[in-house]
Amino acid sequence: MQIIKKETYKILIKQKAVFIILILAAVCFLVSANSHTKGYIAPEHQKWYNDYMNNLKGRLTPEKEKFIQREEKRINKAIQRDEKAYKDFSEGRISQYEYTKITEQTAKAYDKQKAFSLIYDKYMFVKESPENRYFMDTRGWDALISHQNLNFYLFFTVLIVSALAFTHEYESGMSTFLITSRYGKRRLGIYKIILTLILTTALVLLFSLTEYLAILSKLPLVFGDYPLQSLDFFKTSSKNISILDCFLLITALKVAGFSAFAIFILFISILSKKYIPTLFTGFAAALIPLFLFPESDIKYRLPIFSGFMVGSGYFIGSSSGKSEEEYSFLFNEISLSELWQTLIFMLAICVILAVITVFIYQVKRFAPKAKKALLLALVLPVT
Amino acid sequence: MLMLFKYELYKIFSRKFIWLMFIVLAAVNSYNILNYFTGISEEVDIAYWKLYDKIEGEMTTDKINYIMDNYKKHKQVVDTGNFETETPSSEYLTGFVMGDMNLFDRFRTQMERLYLYNNTIEDLKKAAKNNIDFFAARGNRFEERKNRLILNSYGERKINDFYDLSDTQKYIDYDFSSFLILLSLLPGLIPVFAYEKESEMYKLISTSKNGHKKTLIAKIAASATYIILTCLFFFLNDFILFLSACHLKGFNAPVYAMESFKFSVLTMSVWKFILFGLLIKLMGFIIVGFLLLLLSKLLPDSLISFVAGAGAVIIMLVSPISIYNPLILFKNRGLFKEFSIIRIFDIPLYSFSAVIITYLLLLALLCLGIIMADKQKAQINIPSLVAKLKNKRTAYNANY
């Protein structure tokens, strides 16, 4: 216990990682609170939108359907009346006074129309599959989970924290001293790995909470118990889970992914003993799969950490279409059993890497040739 | 001086890690290109490229007639609805009448596009001439100059030759290798200043005879050489793989013969355009590389320098493309696709030349920044800043 305490102190306070974590968390909060533009509703239409949503929330029923049709007719009628009044006025059939009176009455309809068109789109979306698509205000959840982006703030903090664990001592030459100490040989290596895993888990939870709070401060995050398919992004998914479940599962997958990433960095750092190769290998190994397969499901099927660090891809349903650059893509849904297989396979690789890391840390004079072979054996499957 | 440069270059390339990185990244790049072109070569494609070799070049009436006659002949058979779809026959190039019809249709549509292009340009020229007269009469000098520029840019062009440039266009559009070059700049350039700071070698170096200026210039030159060599390596890798994986044709055709560059203001040939694009890319990489050098010069150690550099690269990659983002130089084809100008004191200037001039200035600024940072021995030292603040605080407390 004493060792873990001391190591935590060393990484977080002595090497000032805690400042970097706090700064990046603050930036993450600010950016995710202010960057979502999808589904923006102008403030003057917001009230009507909320009113409609309060009436309609939940499963689509015949009464709600009737309500929507009635409302559509009413708004159209008002607008027609307004147009007719304008025509009459311009042709001199009614006076200015009468015309203003009519437009005052119909002005509300115009305001409502903007909000209603959004509601009507949602109605068309829900009607396609009413049993698992519910009426709800999805903007908050869309901003939180409906994307396949990596959280780069979290990525950099994990990269720094896990690179600090071994590399700092190698660069300062302290590791030679440590190896002569009482616990320095075996326990220290194991404890360092455990500590890195604990820190990584804490960081993932911290950043997920940060994102959640940031979006909660701007948009509503309600009705988490509705089916996942209510969100447009996951509409073709075949998994029977609620939205909140999905968010928690994504966070859990992120914990697994980032832990694997941390262990990979520890392994590289013990081989290279320097900052730049360690950081670069981690950086490149995580990003290349993301940029190599930007729209496809391949990155989620390989037993690598990149897919798990994003997480949301495991819950997207099959789809096909064209990307921004006009290349067609095809996304095949990943079934639950495939997810388990990939996860277990990746974790098994991690355990092996962790064991090798401890082994190399103990036997400091590792033969250089074997080291090279290890590095090659590692780099080839990654690419 | 030359010796210093050689030693600095040796320092970068002596690390085995750099070589390993190049091998792995080149493998990733090759996989990506080859993966992109697999599963395309079917019967129809083989027949297409066989026939293409005959049609390529100047569009004579013989060639046009050959294509049109064959297309009409096969279409008549297909329109009757009574044709063979099971067993291939040697009578047809693809084996089937339907396949042959599609084959000739592919040539026909491309030729039609080229033929119509000349008409479009004639219309454009007429409109520009009318506009010049119109604006000259009203004394709007900017609009007049703009239309004169349009007339000059589009005036002397005509497409007479037929080339299939679709694969060449894919080569121009490919930019995964730019991402890999960006990645490989990080481990090469961050250590240039950071390692010496960590080992405190820079104090020793600055006391030597060639200490300050010469070492610095040698370092900058070596870094620039590293950037250029990295770019050449990946550019060659791209070119060789594309050459082997697909049909790069028509390097002598003008740029505007390509479908998406049809309104480009450039009139040079395709191979010149490719070289020009690569040159701009190279400039972009030198700018990003010098930015990394500056970071490595200013920040205290390699960990922080690397994270700052990697952060800068990520910000560049995820933010939208605009003039403020150096990524515009890597995706420079977007600058040449249409007629786009900016207005400076009533003089219309092509926006691509404005972008290039801006970034050349930025490059000069960065060079100056690195040299200034060395002279001032400027370094952002967080602990000393904190200590200074603490001293002020204690002084403040002591006074009151």
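Guide: A residue is called buried under 20% relative accessible area, exposed over 50% and partly exposed in between, with a 1.4 Å probe and protein chains only. By that rule Cys350(A) is buried, because its relative accessibility is 7%. Cys246(B), at 8%, counts as buried too. The structure holds 0 disulfides over all chains, a disulfide being a pair of cysteine sulfur atoms within 2.5 Å.

This is a predicted model, in which local features need pLDDT of at least 70 and side-chain atom pairs pLDDT 80 or more, while totals for chains, interfaces and linings use all residues. Residues are numbered from 1 along each chain as its sequence is written, chains are lettered from A and ligands numbered from 1 in the order in which they are written, and side-chain values use heavy atoms, without hydrogens and water.

Now the interface. Chain A brings 26 residues to the contact and chain B 33 residues, contact meaning heavy atoms within 4.5 Å. Between the two chains about 2600 Å² is buried, and carbon and sulfur atoms give 84% of that area; buried area is the accessible area (1.4 Å probe) lost on putting two parts together, summed over both. Across this interface there are 0 salt bridges (a side-chain nitrogen of Lys or Arg within 4 Å of a carboxyl oxygen of Asp or Glu). On the side of chain A that touches chain B, the elements giving two or more residues are helix 7 (152–172), helix 11 (275–292) and helix 15 (368–382) of chain A; helices are DSSP runs (H or I, at least four residues), numbered from the N terminus. Helix 11 of chain A supplies the largest share, 12 residues.
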